[in-house]
Amino acid sequence: MTTLSPTVAEAYKLLRTQIYEHLDTAEFLALKDFWSEDDHEALRQLVPDLLQVIRAVWHRHEPNWTGTCRLCLREWPCATARLIHREVMDPENYFTRIHENEG
Ligand SMILES: [Zn+2]
């Protein structure tokens, strides 16, 4: 097992922190008690952006013609595909309820 150099470990930590900061900011905006017009506009742009992230990850983890994940190169559904499916289809998640209301 190799160990990351301190420089690489710090770079990875910064990458993780940056993502968490963005997610925390988006969550803070979504959970505000009152939304200003600017908040509405930000959320109107934010939701499609977040959905695009999910779509992009899902797309990269679709199976190829052999039934293998195109990115992980493991039998499909790979761990990432299973995770996305589980989170999107979680009955406690609004994704599931909004889909049922559309049908
Ligand atoms: Zn995969």
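Which helix gives the largest share of the lining of the second largest pocket? That would be H4, with five residues. Before you click, note that this is a predicted model, where local features need pLDDT of at least 70, side-chain atom pairs count only at pLDDT 80 or more, and totals for chains, interfaces and linings use all residues. Residues are numbered from 1 along each chain as its sequence is written, and side-chain values use heavy atoms, with hydrogens and water left out.

**Stop 1: the second largest pocket**

Select Leu51, Ile54, Arg55, Val88 and Phe95, which lie nearest the centre of this pocket among its 14 lining residues. A pocket here is an open set of points on a 1 Å grid over the protein atoms alone, where a 1.4 Å probe fits, with protein on both sides within 12 Å along at least five of seven lines; lining residues have an atom within 4 Å of a point. The space comes to about 460 Å³, a volume being what probe spheres set on the points fill, with points joined across faces, edges and corners. Now colour H2, H3 (79–89) and H4 (94–102): each supplies at least two lining residues. Helices are DSSP runs (H or I, at least four residues), numbered from the N terminus.

**Stop 2: the largest pocket**

Next, select Leu23, Ala26, Leu50, Leu51 and Ile54, the closest to the centre of the largest pocket out of 18 lining residues. About 840 Å³ of space lies here. Show H1 (6–30) and H2 (37–60), the elements that give two or more residues to the lining; H2 has the largest share, nine residues. Domain 1 (1–31) and domain 2 (43–102) both contribute to the lining, so the pocket lies between them; the domain bounds come from an automatic or database assignment.

**Stop 3: the zinc ion**

Finally, show the zinc ion with His61 (ND1), Cys69 (SG), Cys72 (SG) and Cys78 (SG), which coordinate it at 2.1 to 2.3 Å. Donors are N, O and S atoms within 2.8 Å of the metal (3.2 Å for Na, K and Ca), and sites may look incomplete because water is not among the atoms. The four donor atoms make angles of 99 to 118 degrees, a tetrahedral site (all angles between 85 and 135 degrees). Along the sequence, the donors follow H-x7-C-x2-C-x5-C. His61 and Cys72 both sit in the loop between H2 and H3, so the pair ties together parts that are 11 residues apart in sequence. His61 is buried at 7% relative accessibility, while Cys72 is partly exposed at 28% (buried is under 20% relative accessible area, exposed over 50%, partly exposed in between, with a 1.4 Å probe and protein chains only).

Key:
Four donors count as tetrahedral if all angles lie between 85 and 135 degrees; four count as square planar and six as octahedral if opposite donors are over 155 degrees apart and all others between 65 and 115; anything else is irregular.
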